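Here is a short note for a colleague who is opening this structure for the first time. Please keep the view at hand while reading the points.

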Amino acid sequence: MTRHLLPIALAAAVAFPALASAADTQPPPRIIVSGEGEATVAPDMAILSLSVMREAKSAREALDANNDAMAAVIAAMKSAGIADRDLQTAGIQINPRYNYTNKADGSQEAQLVAYQVTNTLSVRVRNVDKTGEILDKAVSLGVNQGGGITFTNDDPKATITEARKRAVADAMAKAKTFAEAAGVSLGKVLEITDQNVAPVPMPMAAKSFDAARSAVPVQAGENSYNVQVTVTFELK
């Protein structure tokens with residue numbers, strides 16, 4: 001072999017093993033499918049949003065009146081068996097209220113009428129059967145705004161696990177259908193990714209409470225937990 005051909009021969013000797021190695025590392029045929037699973041469970045906890053609004057000529061007077069009313073509400077919650085850890089102040093707002101009158105030049109004149117103080121309390125009721133009773137007590141003691149109710153679960157892990165199993169089973173069923181239609185066989189599972197769980201609690205909302213009502217009928221319903229998975233299968 002002449003000297004000028006030697007570098008070409010060496011380059012070919014290096015290139016052919018590299019090409020063979022690249023062919024060996026090609027990923028096997030695969031199929032990627034998604035699956036969905038849902039599981040339901042009765043809620044075991046209600047979260048209430050209760051607000052007390054008081055109005056007075058001065059901010060100080062409105063705040064004092066609000067403090068007295070909210071203190072009575074909190075005391076009633078505790079006497080009904082609500083633990084300290086399940087009572088949380090969600091916000092306090094102090095807002096002036098104005099009356100506006102139109103002037104001859106088209107502008108408006110603002111007159112301060114009163115101050116409004118709103119204190120919002122978040123309450124977790126761990127015995128959902130007592131939700132209506134808790135609402136009755138709150139309204140009778142001065143709660144006059146809010147009314148948001150969400151039924152949820154303290155520990156939904158078992159329900160989410162069931163939803164995950166159903167999601168994987170759904171993905172496997174889809175993959176088998178696709179493989180049969182394509183005339184191929186499924187191999188081993190290469191990868192499973194779990195999407196974020198999307199709990200769907202049962203909300204119930206009202207703009208205000210009617211203190212004249214003697215009872216609050218409440219239906220807890222069921223909570224639905226949804227899971228999505230993506231599964232990658234090898235094809236044979």
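1. Asp 84 is exposed, because its relative accessibility is 54%. Buried means under 20% relative accessible area, exposed means over 50%, and partly exposed lies in between (1.4 Å probe, protein chains only). Asp 84 forms a salt bridge with Lys 78, at 3.3 Å from N to O. A salt bridge here is a side-chain nitrogen of Lys or Arg within 4 Å of a carboxyl oxygen of Asp or Glu. Lys 78 is partly exposed, at 43%.

2. Some ground rules. This is a predicted model, in which local features need pLDDT of at least 70 and side-chain atom pairs count only at pLDDT 80 or more, while totals for chains, interfaces and linings use all residues. Residues are numbered from 1 along each chain as its sequence is written, and side-chain values use heavy atoms, with hydrogens and water left out.

3. How many salt bridges does the structure hold? There are ten. One of them joins Glu 55 to Arg 97, with the closest N and O atoms 2.8 Å apart. Glu 55 sits in strand β2 and Arg 97 in strand β3, so this pair ties together parts that are 42 residues apart in sequence. Helices (H or I, at least four residues) and strands (E, at least two) are DSSP runs, numbered from the N terminus. Glu 55 is partly exposed, at 39% relative accessible area. Arg 97 is partly exposed too, at 30%. Side chains of opposite charge can pair when their charged atoms come close.

4. Look next at Arg 126 and Asp 154. Their side chains meet in a salt bridge of 3.5 Å, N to O. Arg 126 is in the loop between β4 and α3, and Asp 154 is in the loop between β5 and α4, so the pair ties together parts 28 residues apart in sequence. Arg 126 is partly exposed at 30%. Asp 154 is partly exposed at 48%. Salt bridges with shared partners link Asp 86, Arg 124, Arg 126 and Asp 154 into one network.

5. Leaving out residues up to four places away in sequence, Asp 86 touches Ser 122, Val 123, Arg 124 and Arg 126. Contact means heavy atoms within 4.5 Å.

6. The largest nonpolar core has 22 residues, and Leu 48, Leu 50, Met 77 and Val 123 have the most contacts inside it. At least two residues each come from β2 (45–56), α2, β4, α3 (131–140) and β5 (145–152). Helix α2 gives the most, with five residues. Such a core is a set of buried Ala, Val, Leu, Ile, Met, Phe, Trp, Tyr and Cys residues joined through side-chain atoms within 4.5 Å. Beyond its neighbours within four places in sequence, Val 123 is in contact with residues including Ala 46, Leu 48, Leu 50, Met 77 and Asp 86. Apart from this core lies another, of 14 residues, among them Val 33, Val 227, Phe 233 and Leu 235.

7. Helix α4 (residues 157–182) deserves a look. It has 26 residues and reaches 38 Å from its first C-alpha to its last, close to the 38 Å expected at 1.5 Å a residue. That expected span is 1.5 Å times one less than the number of residues. Buried residues of α4 include Thr 159, Ile 160, Ala 163, Ala 167, Ala 171, Ala 175 and Ala 179. The buried residues of α4 pack against β1 (30–41), β6 (186–194) and β9 (223–235). An α-helix has 3.6 residues a turn, so residues three or four places apart point the same way. After α4 comes Gly 183, with a positive phi near 75°.

8. Finally, Thr 118. This residue belongs to strand β4 (residues 108–125). Thr 118 is buried, because its relative accessibility is 12%. Thr 118 and Met 70 are 48 residues apart in sequence, yet 9.7 Å apart in space, C-alpha to C-alpha.
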